[in-house]
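Take a moment with the sequence and the 3D view.

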Amino acid sequence: MTKQFTFKGAPEMPTIPISLGDMVWNKTGTWRIQRPFYEDKAPPCNAACPAGNDIVAFIQKIAKEDFEGAWTILKEENPFPGICGRVCFHPCESKCNRGSFDEPISIHALERFVADFATSQHKKMKWMAEKGREKVAIIGSGPAGLSCAFHLTKLHYNVTVFESFSLSGGMLRLGIPSYRLPKDVLDREISDMEALGVEIRRGVTLGENLRLEDLKDYQAIFIAIGAHQSRGLGIPGEKRKNVFSGLDILRKINLNKRVKLGDKIAIIGGGNTAIDVARSVIRLGKKATILYRRSKEEMPAFEEEISEALEEGVKIRYLVNPIRIGQKDGLKRLECLRMELGEKDESGRRRPLPISNSNFFIEVEDVIVAAGEEIEVSFLPKGMEKKEGIVLTQKDGSTGVKGIFAGGDLTSNQRTVAHAIGSGKKAAMAIDCYFRDKDSEEAIRQTFIGEGPSISIFRYLHPGERVMDSHIVTFEELNMDYFESAKRQKESKRLIKERIKGFDEVTSTLTNSSAIEEAERCFNCGTCNECENCYVFCPDASILKRGEDLSHQVDYDFCKGCGICLTECPRGAISLEEEAR
Amino acid sequence: MKRVITGNQAVAYGVILSRVEVISAYPITPQTTIVEELSELIASGRLNTRFLKVESEHSAMAALIGASTGGVRCFTATSSHGLAYMHEMLHWASGARLPIVMVNVNRAIGPPWNIWNDQSDSLSQRDTGWIQFYCENNQEVLDTILQAYRIAESVKLPVMVVLDAYVLSHTSEPVEIPSMDEVDAFLPPYCPEFPIDTQEPRSYSVIATPEHFFEFRYKVQKAMEEVPEVVKKVDNEFRARFGRGYGAIERYGKEEAEVLLITSGTVTSTSGIVIRKLIEKGRSVAGVKIKRFRPFPSEEIYKVIRGAKKLAVIDRNLSPGVGGIFAHELRASLYSGEERPEVFGFISGLGGRDITPDLIEEAIQYTWEHPRPEGEILWLGLKK
Amino acid sequence: MKNMEIPLSENLGHGHLACAGCGAAISMRLTLKALGEKTVMVFPASCWSIIPGFWPYSSYRITAIHAGFVTGGATASGVRAALDIRGDHETLVTVWAGDGATFDIGLQALSGAAERNEDIIYICNDNEGYMNTGTQRSSATPYLAWTTTTPVMQPKENPKKDIMAIMADHQIPYAATATIAYPEDLIKKMEKAKKIRGSRFIHLLSPCPPGWRTPSEVSVKISRLAVRSRVFPLYEIENGRTYTIQEETRIVPVREYLKLQGRFSHLTEKDIEEIQKRVDDTWERLMKRARC
């Protein structure tokens with residue numbers, strides 16, 4: 001019906017001014033001085049995730065009740081949703097824009113929910129290693145090593161992981177207690193890895209029964225041996241009997257070995273290890289007191305861990321620094337100084353300064369030192385030196401030695417599971433680039449979520465798909481008119497007195513309906529979720545529905561550039577640019 | 001069936017016989033008995049008609065414009081101030097090419113208030129694009145309404161049928177009322193050119209730019225130019241069926257006459273008596289009744305004025321600054337003709353003052369005696 | 001957040017001449033979705049005499065009859081009569097009139113039609129002024145607003161006429177307010193009106209970027225603020241007596257609504273307080289009428 005009419009004269013015209021055609025020939029798009037377009041942008045959660053999870057996407061799937069779809073999305077970036085969903089410190093939640101409205105989304109709980117769903121459905125990865133392609137050796141089966149293995153195998157390489165210990169998992173198994181990460185969950189996620197095609201050889205230790213020369217059949221090596229040496233305090237009495245290292249205690253407990261401890265235990269340190277040790281000690285029926293030299297605000301341990309520890313009866317004494325471990329009448333006598341906080345140090349935290357003549361004594365039966373972990377590099381080749389506690393690498397994880405890459409706790413002071421997973425992913429990309437003779441730094445930069453450093457392997461494998469602008473969506477860019485305050489769904493926790501009876505898991509998975517309800521709270525910052533506000537409010541009906549995937553498109557023939565779609569988009573998924581003329 | 005009825009009753013009969021489907025009207029003296037009559041007839045179930053008792057004349061015409069666009073035969077009646085109030089909508093009905101028929105009872109427009117016979121109301125609407133017929137008696141009123149629908153629906157222009165206040169509207173005369181069957185045979189149902197069809201939706205009366213407006217107005221004029229032929233045809237058919245015909249104008253009196261008296265409406269009847277009397281006295285005088293005022297019957301007039309030296313026009317109306325409107329239009333019309341008789345423009349009877357036989361005779365006498373009129377306007381019966 | 005359920009048919013075609021961001025275009029689009037194809041709409045003079053395009057084109061995909069400025073209620077009465085006589089009782093007869101044609105020059109015809117309880121839906125597209133002719137004041141222009149005939153030195157001194165109260169007092173079966181920021185509510189009310197016989201009146205608030213001096217992208221936002229500030233509450237009146245208020249829970253001070261609009265940029269603090277007082281009074285009055 002989009003004819004245009006011309007009349008030579010009156011006889012050709014109808015008797016009355018009745019309409020003969022429509023106005024579709026009139027392309028009002030020519031009026032525009034600015035042009036709207038759909039542009040997904042980085043949500044703050046995605047940008048904050050060190051493992052590079054596509055959080056907004058997996059939550060969208062949950063909201064649509066497509067739990068399997070959510071699992072697929074998680075497993076694209078992260079081999080360990082079940083693990084992260086239990087132990088991650090969820091920086092995503094701190095950055096969640098919903099937090100500025102009512103409460104942040106329980107992303108952590110949702111990730112766990114998806115993993116547990118997959119478990120209940122017996123979902124498994126399919127074999128992806130390809131014969132005839134390059135071989136990569138990975139030293140260390142902790143989260144960094146296994147993440148690298150996972151992604152390299154998905155890139156169809158052949159990967160062999162060499163694990164020093166008789167069981168795989170690294171810190172996941174040896175450092176994190178079962179009440180936070182049950183061993184069967186860990187085992188399942190690792191066996192999924194092996195189903196994918198990763199070969200894990202246990203009981204092979206670099207520097208002992210494995211030398212680098214043995215690995216000449218491998219075209220690249222990724223070293224992710226972690227940090228398992230306990231840092232000493234450097235105080236007299238540290239070497240006495242019954243002064244244990246926190247890592248050793250945790251290892252014994254995690255391997256179900258008997259731990260002999262007295263009743264009253266002092267734990268020196270402020271990190272997650274100290275907290276884990278303290279809470280494990282409680283579960284062994286003992287009393288635990290943590291001594292930390294700074295204040296609560298500076299404690300590096302995760303907030304939730306600290307509060308759960310306190311709930312369970314762990315005592316924490318702040319601004320206390322032991323300077324000597326003595327012995328008296330079968331008890332350990334800790335001489336301590338009170339501390340006060342001074343200026344900020346390199347870590348950004350206020351430096352603890354001893355208050356002279358504030359010495360006092362604490363008497364306990366055993367002392368456990370959990371003051372940090374250190375790396376061991378004696379067996380590493382030249383070019384992989386320790387500097388300021390870590391092995392330095394290039395931005396892409398490559399070392400001074402050609403073909404050798406490194407990552408995880410070995411190369412970073414940001415020692416979390418999520419960071420390790422991200423580091424392994426990055427190394428996998430770097431190794432792929434190394435084999436393909438591609439500029440790895442550029443390739444990795446292309447996969448940044450937001451401005452980085454979080455990266456997406458999906459973007460690496462499918463450039464041009466699921467395009468997401470690097471701008472991170474702020475709260476001000478969202479339209480709160482479309483959201484109502486809603487209660488945050490949380491995982492339920494077992495009663496405290498039940499919890500401390502043993503090492504069973506403290507929290508339980510969300511129910512299906514809770515998960516969906518929580519997922520529906522997600523603003524979906526920066527990502528179109530087809531709410532169709534744009535379609536409803538366009539004065540010129542110039543938002544076309546395409547059906548199926550990313551279903552909306554601006555009809556530039558008629559769009560007048562008013563910008564209502566942008567204003568009414570609840571999630572900032574539409575951008576505006578000047579119309580080029 | 002012959003009955004003795006008033007002009008307003010004759011209108012009512014005309015409307016019923018025409019099977020009008022929607023009536024929309026607002027009362028104003030002296031039209032009121034039309035709508036009263038129609039209300040009764042509709043309420044008694046004799047007519048399947050919707051009567052919208054609207055709240056003003058402007059709304060009355062607007063409602064008919066809506067109804068006519070909706071594809072049904074419509075009718076309204078008004079007078080004087082009511083007609084003036086409708087003015088905007090008169091233009092609209094014509095521009096929208098809707099075959100609406102309206103009866104206007106000629107009444108003066110105030111101030112001062114005046115409810116009696118005067119032609120100024122209908123004539124002041126002469127530029128609105130309506131066909132106008134002036135009736136001399138109640139029979140003609142009824143007959144003209146029947147013809148009006150045929151004409152309107154043929155050329156797609158609205159028609160105004162005019163009768164004099166009180167002299168016709170409230171005066172009883174014998175009228176032959178045709179039967180429904182006879183009229184049905186003469187007047188088929190209305191078939192609009194652009195019926196509303198929600199399956200093929202269209203927009204009516206769309207705004208037109210200078211690019212097209214001119215041609216639409218041209219078409220209105222062209223339609224007006226078809227009217228004389230159509231009126232003749234319809235009138236001839238009417239005459240054949242019902243034995244009565246009127247033409248656009250009617251000449252009566254002496255075959256060859258020097259003085260022609262031009263009148264319209266009931267004045268014609270009175271003039272007829274006077275002219276008969278004068279002819280008996282040996283005067284060379286004749287009369288012309290103008291029935292169809294719009295479009296102005298120039299061609300027809302040229303034919304009947306041959307040989308006449310003087311035309312005396314009696315206008316029961318006044319266009320201030322110009323004079324009598326029939327005289328004015330006649331002079332303009334004559335300018336294109338071959339003959340140039342003198343035109344004596346008499347104005348008389350405004351606001352219902354009787355135009356008596358004596359006054360008419362005075363006018364003819366004056367015309368006879370003077371070679372040319374002493375002024376543009378000759379006031380007849382004015383108290384000076 | 002569930003998606004809004006909106007009928008998919010488009011009965012206002014592309015290429016129409018409404019300004020970018022025209023609130024009325026959204027009103028029209030949503031209204032025609034609700035009313036459907038079997039609709040005749042009478043258009044007394046307004047922006048909508050121009051927006052659908054010039055002859056020989058029209059963007060309307062329903063039957064549209066352009067009519068004289070004054071005549072909305074009357075022309076529609078005639079159309080309704082004609083369709084009824086022809087035996088068509090299904091086709092909807094509606095009027096789409098601006099605030100000028102409703103509150104002012106066409107009030108008589110509307111009142112007449114309502115008094116006769118004509119079976120039509122009369123929709124008043126209220127942009128609070130004579131916008132088609134360049135933003136002159138109407139009796140729908142709010143108190144203290146700027147228009148070209150109420151310049152900043154002498155802004156509109158009289159309050160907005162309460163058209164809903166006027167229509168309610170005609171005892172018509174249904175009257176309702178609606179606006180574009182609440183599309184599902186608007187559509188629901190249109191669909192409800194469709195099912196009722198007799199005179200139905202819908203009062204739509206349509207923000208006008210050039211007339212209200214607002215940027216084109218905030219038309220929906222302003223319409224929402226109008227409701228939330230109680231300047232334009234959403235409610236229905238049945239048979240002149242029964243009130244149903246669509247309660248808004250997030251109430252904002254009228255200042256939030258006024259500050260986005262250039263036509264109010266000359267207001268002093270005192271003016272704003274006065275306006276807030278009047279808004280509160282009007283709301284109280286509505287509540288009282290609703291309770292009776």
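A salt bridge is a side-chain nitrogen of Lys or Arg within 4 Å of a carboxyl oxygen of Asp or Glu. Keep that rule in mind. This is a predicted model, in which local features need pLDDT of at least 70 and side-chain atom pairs count only at pLDDT 80 or more, while totals for chains, interfaces and linings use all residues. Residues are numbered from 1 along each chain as its sequence is written, chains are lettered from A and ligands numbered from 1 in the order in which they are written, and side-chain values use heavy atoms, with hydrogens and water left out.

Start inside chain B. Chain B splits into domain 1 (2–242) and domain 2 (250–380); such bounds come from an automatic or database domain assignment. The C-alpha centres of these two domains of chain B are 27 Å apart. How many residues of domain 1 of chain B are in contact with domain 2 of chain B? The count is 26 residues of domain 1, facing 25 residues of domain 2. Contact here means heavy atoms within 4.5 Å.

The size of an interface is often given as the accessible area lost when the parts come together. Buried area is the accessible area (1.4 Å probe) that two parts lose on being put together, summed over both. The two domains of chain B bury about 2,100 Å² between them, and carbon and sulfur atoms carry 52% of it. On the domain 1 side, Gln119(B), Arg126(B) and Glu136(B) supply 31% of the buried area, more than any other three residues.

Now apply the salt-bridge rule. Between domain 1 and domain 2 of chain B, the count is 4 salt bridges. Glu136(B) takes part in a salt bridge with Lys289(B), at 3.2 Å from N to O. On the domain 1 side, α6, β6 (131–134), α7 (138–155) and α9 of chain B each supply at least two residues. Helices (H or I, at least four residues) and strands (E, at least two) are DSSP runs, numbered from the N terminus.

Next, step across to chain C. Here 38 residues of chain B touch 40 residues of chain C. The buried area is about 3,000 Å², with 64% from carbon and sulfur atoms. In chain B, Ile196(B), Thr198(B) and Ile207(B) lose the most area to chain C, together 19% of what that side buries. The interface of chain B and chain C holds 3 salt bridges. Glu55(B) forms a salt bridge with Arg116(C), with 3.1 Å between the closest N and O atoms. Polar contacts between chain B and chain C come to 10 residue pairs, both residues at pLDDT 80 or more.

Strands meet across this boundary too. β9(B) and strand β2 (residues 63–67) of chain C pair in the parallel sense over 2 bridges. Two strands pair if DSSP finds at least two bridges between them. Which residue stands opposite Tyr204(B)? Find Ile65(C) in β2(C).

Chain C also meets chain A. The contact takes 40 residues from chain C and 48 residues from chain A. About 3,500 Å² is buried between these chains, 57% of it from carbon and sulfur atoms. This interface has 4 salt bridges. In one of them, Glu568(A) and Arg224(C) meet at 3.1 Å, N to O. Polar contacts between chain C and chain A number 29 residue pairs, both residues at pLDDT 80 or more.

Finally, check the backbone. Most residues other than glycine have a negative phi, and most peptide bonds are trans. The bond from Gly110(B) to Pro111(B) is cis, with omega near 0°. Pro111(B) sits in the loop between β5 (101–106) and α6 (120–123) of chain B. Another cis peptide bond joins Trp55(C) and Pro56(C), with omega about 5°. Pro56(C) lies in the loop between β1 (39–44) and β2 of chain C. In chain A, Glu530(A) has a positive phi, near 65°. Look for Glu530(A) in the loop between α17 (512–521) and α18 (533–537) of chain A.

Conventions: Polar contact = N/O pair within 3.5 Å; in protein donor to acceptor, adjacent residues only side chain to side chain.
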